Amino acid sequence: MPIDLSGKVALVTGSSRGIGRAIAVSLATHGATVALNATSNVSETAQAITTLGGVSSTHIADIRDAEAVREMVDSIVTQHGSIDVLVNNAGVRRDTLMLRMSEDDWQDVLATNLTGAFHCTRAALKHMIRKRRGQIVNMGSIIGLRGNAGQANYAAAKAGLAGLTMSTALEVASRGITANLLAPGFIETEMTKVMPQDQQDAIRSRIPLGRFGGPEEIAEIVAFLASDAASYITGQTIVVDGGLSLV
């Protein structure tokens, strides 16, 4: 079934670069009006959407701030008439071994990656429930499923997203709203490009498909989950890691 998001309004957090930008562009390509969110400039993403003939709006807000999120979501609904799709993609990393991890390193990652998703979900649901429709896609990680040395904060936040996703799915299924978690493996983004080459090579050697994924490959799965073609999928964790979790 072709992916058709015509008439849908989608909010993508953390859409200034990387996977978030790819998701926003993909949703626009499939017909959605895309509300772009970040704490900094999203002009390159907006320009990419304009170039392909899509429609977007820009909403600079810190998702750690519950009131800022509420105002952002209300503004999107006022401007576009609804909010039909929420992609909780925004995230940060503060990698270090647990014994060296500061309180700020822990709190900042949890506040952005997990509490921020809660703020956005709660605000969006108020509008989705009224219309009795909606799709929520949370961006997790295989790190949240298997852990990783030096990433206790990141792993805890992404594992928390899995619980948030399942609980959300159970609470709102009767209102025609779905919630799913996407758990990517190693994807070619700014974060992976700064890794030492020997570390990248070592990871690739463990991936059965022999390569990192591309942001567009993640984005197309998000577009599918945001579409009516995925209307009977909810509360699921979908792993996209080239087979890494199999070894």
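Predicted model: local features only at pLDDT ≥ 70, side-chain atom pairs only at ≥ 80, totals over all residues.
Student: How far does helix H1 reach from its first C-alpha to its last?
Tutor: H1 covers residues 18-29, which is 12 residues. At 1.5 Å a residue, 16 Å is expected. The span in the model is close to that: 17 Å.

Student: Is H1 largely enclosed by the rest of the structure or largely exposed?
Tutor: Buried means under 20% relative accessible area. Among the buried residues of H1 are Ile19, Ile23, Val25 and Leu27. In total, 10 of the 12 residues are buried, so H1 is largely enclosed.

Student: Which residue just after H1 takes a positive phi?
Tutor: Look just past the end of the helix. The phi there is about 110°. The residue is glycine 31.

Student: Which element gives the largest share of the lining of the second largest pocket?
Tutor: This pocket holds about 170 Å³ of space. H1, helix H7 (190-193) and helix H9 (215-225) each give two or more residues to its lining. The largest share is three residues, and it comes from H1.

Student: How many charged residues are in that pocket's lining?
Tutor: The lining includes Arg17, Arg21, Glu188 and Lys193. By class, there are two nonpolar and two polar residues. The charged residues number six.

Student: The structure holds one aromatic pair. Why does the pair of phenylalanine 186 and phenylalanine 212 count as stacked?
Tutor: The ring centres are 5.8 Å apart. Planes under 30 degrees apart count as stacked. The pair is stacked because its planes are at 25°.

Student: How many residues apart in sequence are the parts that this pair ties together?
Tutor: Phenylalanine 186 lies in the loop between strand E6 (177-184) and H7. Phenylalanine 212 lies in the loop between helix H8 (197-206) and H9. The parts tied together are 26 residues apart.

Student: Which residue lies over the face of phenylalanine 212?
Tutor: Start from the ring centre of phenylalanine 212. At 4.2 Å from that centre lies arginine 204.

Methods:
Residues numbered from 1 in each chain as written. Heavy atoms only, no water. Helix = DSSP H or I, 4+ residues; strand = E, 2+ residues; numbered from the N terminus. Expected span 1.5 Å × (residues − 1). Buried < 20%, exposed > 50% of the residue type's maximum accessible area, 1.4 Å probe, protein only. 1 Å grid on protein atoms, 1.4 Å probe; cavity = no way out; pocket = protein on both sides within 12 Å on 5 of 7 lines; lining within 4 Å. Points joined across faces, edges and corners; volume = space filled by probe spheres on them. Nonpolar A, V, L, I, M, F, W, Y, C, P; charged D, E, K, R; others polar. Phe/Tyr/Trp six-rings, centres within 6.5 Å; stacked < 30°, edge-to-face > 60°. Lys NZ or Arg CZ within 6 Å of the ring centre and 35° of its normal.
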